[in-house]
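The sequence and the model are shown first, and the description follows.

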Amino acid sequence: MKFNYRFKIIEQIIVVMVIAVLTPMVISGIIINNISQHTIRRELDYSVSILSEVVVKNIETFFYAAKGELNTVAMAIKYLPRNSYSKQFLKSIREYSPEISNIEIADISIYNKYFKDNKDHYYDKQSKKILLAQPLDNKNCIIATINRENFTNKLFEIFKNDSRQIYILDNERNLLLSNNFSQKEYDYTMNSLPQKLVENKAKGFGKVKNQPLAYYKITNPALTVIVNTTRDITENTINIARYKIILSIVLSVLFIFTMVGLYTSYLYINIKQLFKGIMAISKGNYKRKIRLISNIFTPFELIFLANEFNRMVEEINLSYRRILQKNKELKQLDELRSNLIDTVSHEFRTPLTSIKGYTSRLLRQDIEIDKETELKSLKVIKRQAERLSRMVEDLLVIPDIERANLNINIDKVDINEVAQLSLHSLKEVECSNIKIDIPQNFPYIYADKDRLEQILINLLENAKKYANENTEITLSAYAKEDIAYIKVENEAPYIEKEKLATLFDKFTRIDDSTTRTTRGTGLGLYIVKGLVEAMSGNIKIHSTNDNRFIANITLPVVND
């Protein structure tokens, strides 16, 4: 079976870490642990030998001091005049000497029996006392009892924090003193002790590798010092070292894995961002950029790749927006074409029908047409032709407005004159309800006279179409500072703000194609806005709750 599974980056890093880091560190730990155990054993072997030598030095120092003090006492007694003084002197020695617990004068026979062969010291098994002796003359000697407690304290003072066992034996292997005594360990040590001992030299013995033993046999005084490092001590020492090694390895591994984990997590998160960005692009989201977690763990290559990706996304998004804009423009052009066809076919039909009908009537030969009927027919034809002309002008000015390519001739214009011209152009329309409210001394304004006339015609015609029946339409103006305010106001039904905001768009009407009650192309306000802005002016429309529709135009005033 073919294995098709592919490891992820995080899985690959874990496998590499186990193979390249964890395995070598475990093997190194095992090797270091074995080396450490052998080193500790050698150190313990060496330390028991050194320890036995230290104990021997302490014994020799103590016996030397005690022997010196005994010699001093013996010399002093020889010169004391009476026996009572000797007893008093020995009593003071017993009270004030820390090394000696008892001292007395005895017969020389005792010295010859117990001390001569033992080089001036003797261990009494029954009383468990260590005795020292010094001859006075041929009849008497001085016998001193070693202060066992003082001797033990001085001998083992430096070992009070040491858990190793120390035994002091006499020539017959009797136990004189001990430190950290254990019967079980003592029996094991005595069974392991060789029968023949090397004198005046520290010597190790025993066959257990984790229980170093050493003895030191001295001749004066005739004692043997044994130091026992128990198996528990050795194993605890080795275990402590082992635990330290294991702990250091574990901490090292944890540190390595923590650092690699941090690096991997940041790397994985950033790479995941790249994947998300690529998937977003593939699904058509051209705005999705990569936002990396930028820190010391972020590789330069990822940052470079992210920057290039974001730059590519910006280019794609820009191209995509351009395509959308072009599509929107194409859609608008398509809608414009449809609306234009619909508007032209609908709005042009009525005047063309009238022109065609009245022309046919005038051309008929079978009937007599009087002068009055002929004049009336010609007026209708003229009015409908002018209406067609205005619609054609509206259609022709649209491309110029869209391309901002209007031919505008700015000059001083008299608003009163333009208002009258607008009314004259609308004379065929019922204009009796249009009121002009412009002061006669109104200042000149900067505008294109023909374009301003076209603006007023469109606004008045628009107001006439949508005004309530038999209501007044007002064309007024006033100047304030350097601005002329021209207002066309009529009474009309309230228009919602949402609908009002769309009235400056092309082919937009208050009544749609299904409810249309008035004629028009829906281009009037769009053209007005384009022409006003081309003359550096502004236009705003309002619909109030009291059914007033207002168109406000601002144009600059001529300063004399």
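## Terms and basis

A crossing of two helices is called left-handed if the near helix is turned anticlockwise from the far one by less than a right angle, and right-handed if clockwise. Helices (H or I, at least four residues) and strands (E, at least two) are DSSP runs, numbered from the N terminus.

This is a predicted model, in which local features need pLDDT of at least 70 and side-chain atom pairs count only at pLDDT 80 or more, whereas totals for chains, interfaces and linings use all residues. Residues are numbered from 1 along each chain as its sequence is written, and side-chain values use heavy atoms, with hydrogens and water left out.

## The chain as a whole

The protein chain contains 13 helices and 16 strands. Of its 560 residues, 39% are buried; buried means under 20% relative accessible area, exposed over 50%, and partly exposed in between (1.4 Å probe, protein chains only).

Contact means heavy atoms within 4.5 Å. Among the contacts in the protein chain with a separation of 6 or more, 63% join residues 24 or more positions apart.

## Nonpolar cores

A nonpolar core is a set of buried Ala, Val, Leu, Ile, Met, Phe, Trp, Tyr and Cys residues joined through side-chain atoms within 4.5 Å. The largest such core has 50 residues, and Ile445 and Ile486 touch the most other members. Helix H11 (residues 449-466) contributes the most to this core, with 7 residues. Apart from it lies another core, of 38 residues, which includes Val56, Ile59, Leu70 and Ala144.

What does Ile445 touch, not counting residues up to four places away in sequence? Its partners are Asp411, Lys412, Val413, Ile415, Leu452, Ala484, Ile486, Leu555, Pro556, Val557 and Val558.

## Helix H11 and its partners

Axes are lines fitted to C-alpha atoms, for helices over the stretch in contact, and angles run from 0 to 180 degrees between N-to-C directions. Angles under 35 degrees count as roughly parallel, over 145 as roughly antiparallel, 65 to 115 as roughly perpendicular and the rest as oblique. The axes of H11 and helix H13 (residues 524-534) come within 9 Å and cross at roughly 150°, which means that H11 is roughly antiparallel to H13. The crossing of H11 with H13 is left-handed. On the H11 side, the contact is made by Arg451, Gln454, Ile455, Asn458 and Leu459, and on the H13 side by Gly524, Leu525, Ile527, Val528, Leu531 and Val532. By class, this contact has 7 nonpolar, 3 polar and 1 charged residues. Here Ala, Val, Leu, Ile, Met, Phe, Trp, Tyr, Cys and Pro count as nonpolar, Asp, Glu, Lys and Arg as charged, and the others, Gly among them, as polar.

Helix H10 (residues 415-425) also meets H11: their axes come within 9 Å and cross at roughly 55°. H10 and H11 are therefore oblique to each other, and their crossing is right-handed. H10 takes part through Ile415, Glu417, Val418, Ala419, Leu421, Ser422, Leu423 and Ser425, and H11 through Lys449, Leu452, Glu453, Leu456, Ile457 and Leu460. The residues of this contact divide into 9 nonpolar, 2 polar and 3 charged.

## Individual residues

Ser377 belongs to helix H9 (residues 371-402) and is buried, with a relative accessible area of 1%. Leaving aside residues up to four places away in sequence, Ser377 touches Tyr358, Arg361 and Leu362. Tyr485, in strand E14 (residues 483-491), is partly exposed at a relative accessible area of 26%. Tyr485 touches Ser476, Ala477, Tyr478, Lys480, Ile553 and Thr554, again not counting residues up to four places away in sequence.

## Residues in loops

Gln440 lies in the loop between strand E11 (434-437) and strand E12 (445-447), and is exposed, with a relative accessible area of 72%. Gln440 and Asn416 are 24 residues apart in sequence and 7.2 Å apart in space, C-alpha to C-alpha.

Asn200 is not a glycine, yet has a positive phi of about 55°. Asn200 lies in the loop between helix H5 (183-192) and strand E7 (202-205) and is partly exposed, with a relative accessible area of 43%. Glu481, which is not a glycine, has a positive phi of about 55°. Glu481 is found in the loop between strand E13 (473-480) and E14, and counts as exposed at 75% relative accessibility.
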